[in-house]
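Good morning, and thank you for joining this group meeting.

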Amino acid sequence: MNYLSVENISKSFGERTLFKDISFGINKDQKIAFIAKNGSGKTCIMKIINGEDEPDSGQVVMRKEIKMAFLSQVPQLQDELTVEESIFASDNEILHVIERYEKALENPDDSEAYQLAFDDMDRLNAWDFETQFKQILFKLKLEDFKLKVKNMSGGQKKRLSLAIILINRPELLILDEPTNHLDLEMIEWLESYFAKENITLFMVTHDRFFLERVCNEIIELDNGKLYSYKGNYSYYLEKKEERIASENASVDKAQNLFVKELAWMRRQPKARTTKSKSRQDDFYVIKEKAESRRKENVVELEINMERLGSKIIELHKISKKFGDKKILENFSFDFQRGARIGIIGKNGTGKSTFLNLLTQTIPTDSGKVITGDTIKIGYYTQSGINPKPGQRVIDIIKEYGEYIPLMKGKLISASQLLERFLFDSKKQYDYVEKLSGGELKRLYLCTVLIQNPNFLILDEPTNDLDIVTLNVLESFLLDFPGCLLVVSHDRYFMDKIVDDLFVFRGDGIVENFPGNYSDFRAYEDSSPPTPKGGDDSAQKNTNWKQAKTISAGLSFNEQKEFNKIEKEIKDLEFQKKQIEQLFSDGKVADSEIEAKAIELQKVIHLKDEKEERWFELSSKME
């Protein structure tokens with residue numbers, strides 16, 4: 001069943017054509033990834049599909065009554081709303097029924113409103129729906145329902161946007177970089193959720209593990225043409241290589257024929273017969289084919305790395321906390337030459353703070369950071385470039401000089417350097433604010449590398465970069481002779497370039513793991529959970545997957561219990577508030593005070609037991 005068709009759409013901005021006559025369809029149960037280089041119009045196509053933009057020509061046709069949702073790179077949320085209010089702000093009837101029921105629980109005196117809400121919950125079978133959306137919120141770590149959007153981090157906003165979409169269960173989901181700003185735990189849960197759910201997906205993502213494990217089709221926009229691959233990322237890489245080899249062989253054949261035909265053309269008299277005129281027309285077709293060899297424009301990375309001495313960076317018992325929140329506690333480490341270390345951990349455990357301590361951007365509470373005399377740090381932060389108003393691309397690079405030193409004493413002009421980073425002469429004079437997210441990241445990477453660092457620190461370098469640029473960056477980093485420290489949620493990227501990990505567990509605990517991310521995940525999954533009553537430090541070192549009950553799914557009886565327990569908790573909450581209201585209003589007779597107090601304690605105790613069991617069962621569910 002076809003859900004949506006994109007028919008011959010085109011889009012230009014001034015003289016620049018982003019794409020022309022693009023057509024494809026999205027059918028039920030397809031999980032499609034859309035791949036293209038930065039600046040080629042991926043996000044623009046997503047907005048056209050979502051109705052936020054109009055194509056210059058062509059149209060998007062969507063099947064009637066299809067429920068579609070769009071997750072943009074920048075969450076579209078209202079700052080003054082809480083988590084709960086944001087969820088209930090949709091037009092989902094079941095959510096409105098649940099909202100009325102929640103309000104009825106808060107007003108135990110109005111038994112009529114409670115009964116009406118309770119009946120509506122039964123009529124729409126909202127109990128199961130509420131259980132499902134509470135489970136999604138639990139998995140996405142959105143337990144503080146009263147937290148306002150304006151007080152959320154970027155990661156929390158992304159998770160809330162995801163929760164709203166998943167709770168409403170659209171038939172077609174359009175995703176623009178869904179894994180950006182999510183930590184590894186969230187990415188792996190989302191990956192698992194999408195892989196098993198019967199939901200139709202169309203997404204732009206640079207996460208190659210996500211492409212491998214979720215998608216069953218990849219559409220690529222390459223040099224203005226669309227190519228479709230009916231498989232995952234591995235299949236795409238294999239078939240793309242075959243396609244390019246076939247295209248190049250065809251071009252080589254055309255070039256050989258072109259040489260012969262060119263010689264014939266030059267021998268022909270000006271007056272041509274009908275036969276020679278036909279051959280002449282064929283010549284121009286052959287010429288076009290012969291000149292159609294792919295232009296593989298890739299970023300060229302080259303730096304004149306400063307000499308690296310024997311002393312690199314030493315961390316001596318450094319500690320840092322913000323209020324009661326511990327980031328590091330007596331952490332020591334001596335970086336050696338050629339160190340290639342990745343940093344992983346949940347959001348909020350202090351990964352970026354650690355980088356700022358290392359670079360002495362912020363002070364430690366105690367301990368010392370000793371940096372060797374020859375160390376020159378290149379620090380790629382998440383904040384990126386902060387251009388001045390009206391600043392052009394080339395102005396950013398010229399701040400470092402008209403000419404930039406490269407290896408072996410060579411010099412390169414600012415303009416030539418930008419060309420190596422895929423900014424052509426016209427693009428160099430664009431205003432910085434007009435660049436796409438990926439182009440901004442590429443320009444920022446250029447400014448970090450031209451300073452010729454020998455200790456490179458990268459904080460989430462892969463966000464918004466296209467897969468082609470990612471591959472070039474990985475190749476450069478593999479050959480980088482200096483030290484490398486990387487914070488990234490890109491598992492494919494981490495596997496490729498790091499040898500060791502700093503694992504941030506939270507509460508000031510950081511472990512040094514000898515291996516890459518896949519090694520770490522295999523080790524964690526094979527480790528038995530820490531037994532109860534064990535050493536406290538051992539308990540803290542339990543990884544975040546094991547900190548919950550090991551997920552094994554629910555048995556049939558457990559599923560029935562789980563479905564029932566939600567209603568029981570709601571009823572106990574209602575009873576609790578009714579009794580508390582009686583005490584508050586002074587409506588309990590003196591002779592009944594003791595009995596009512598005992599009844600209240602029983603209700604509270606039973607409610608606590610039910611909630612503990614709910615979380616126990618919920619943690620088993622994937």
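Predicted model: local features only at pLDDT ≥ 70, side-chain atom pairs only at ≥ 80, totals over all residues.

Residues are numbered from 1 along each chain as its sequence is written, and side-chain values use heavy atoms, with hydrogens and water left out.

Let me start with the whole protein. It holds 20 helices and 20 strands; these are DSSP runs numbered from the N terminus, with at least four residues of H or I for a helix and at least two of E for a strand. Of its 622 residues, 48% count as buried, where buried means under 20% relative accessible area, exposed means over 50%, and partly exposed lies in between, with a 1.4 Å probe and protein chains only. Taking contacts between residues at least 6 apart in sequence, 69% join residues at least 24 apart; a contact means heavy atoms within 4.5 Å.

The next topic is a sheet of three strands. This open sheet has the order β2-β1-β4, and its pairing is antiparallel; two strands pair if DSSP finds at least two bridges between them. The edge strands are β2 (16-27) and β4, each of which pairs on one side only. From one strand to the next, the twist averages 10°; angles run from 0 to 180 degrees between N-to-C directions, and axes are lines fitted to C-alpha atoms, for helices over the stretch in contact.

How many bridges join β1 to β2? There are eight, and the two strands run antiparallel. Helix α1 (residues 42-50) lies across β1, β2 and β4, at about 55° to β2.

Within β4 (residues 57-62) we find V60. Is V60 buried or partly exposed? Its relative accessible area is 26%, so V60 is partly exposed. Apart from neighbours within four places in sequence, V60 is in contact with L4, S5, V6, I9, I48 and I49.

I now turn to a sheet of six strands. This open sheet has the order β14-β17-β18-β12-β19-β20, with mixed pairing. Why is one side of β14 (377-380) and of β20 (509-513) left without a neighbour in the sheet? Both strands stand at the edges with a single partner strand each, so one side of each has no neighbour there. Strands β14 and β17 (residues 455-459) run parallel and are joined by four bridges, with I377 opposite F455 in β17. Helix α14 (residues 437-449) packs on the sheet and touches β14 and β17, its direction making about 170° with that of β14. Helix α17 (residues 517-526) lies across β12 (340-345), β19 (500-506) and β20, at about 50° to β19.

Finally, the cysteines. The structure holds zero disulfides, a disulfide being a pair of cysteine sulfur atoms within 2.5 Å. C215 has a relative accessible area of 6% and is therefore buried, and C483, at 0% relative accessibility, also counts as buried.
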